[in-house]
Amino acid sequence: MRYQRFVALGDSCTEGLDDPYPTGDVYRGWADLVAERLAQDDPEFRYANLGVRGRRLDQIIVEQIPAATAM
C-alpha cells in the first residue's frame, strides 16, 4: 500500500522538541521519521507536521484538525 499524504498532529513530541538527529545538531520528531520512510515508496509523497509544543488536545482539535482536513 502506498501512502500519498501524511499529516501529523500533536504537541512537542510530534514537533520533535529535544529529539536530536544522531549528529546532534538538528531536531526531528517521530513524525519526521515516519514520513521519511513513507516517502521512500513514492517520490510524490507529501508531508506536513502541524505539531506545536505545548498544545493540548482542545487546542489541537480547534487549530490542527481543520488545517489537516484542508490538506
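This is a predicted model: local features need pLDDT of at least 70, side-chain atom pairs count only at pLDDT 80 or more; totals for chains, interfaces and linings use all residues.

A: Residues are numbered from 1 along each chain as its sequence is written, and side-chain values use heavy atoms, with hydrogens and water left out.

Q: Which residues of helix α2 are buried?
A: Buried means under 20% relative accessible area, exposed over 50%, and partly exposed in between (1.4 Å probe, protein chains only). Helices (H or I, at least four residues) and strands (E, at least two) are DSSP runs, numbered from the N terminus. In α2 (residues 30-39), the buried residues are Ala31, Ala35 and Leu38. They lie on the same side of α2, because their arc around the axis is only 65°, taken from the directions from the helix axis to the C-beta atoms.

Q: What covers the buried residues of α2?
A: Contact means heavy atoms within 4.5 Å. The cover includes β1 (5-8), α1 (12-15) and β2 (46-49). Leaving aside neighbours within four places in sequence, Leu38 touches Tyr3, Phe6 and Phe45.

Q: Which residues form the largest nonpolar core?
A: Such a core is a set of buried Ala, Val, Leu, Ile, Met, Phe, Trp, Tyr and Cys residues joined through side-chain atoms within 4.5 Å. The largest has 6 residues: Phe6, Ala8, Ala31, Ala35, Leu38 and Phe45. α2 gives the most to this core, with 3 residues.

Q: Where does Leu9 lie?
A: Leu9 is in the loop between β1 and α1, and is partly exposed at 31% relative accessible area.
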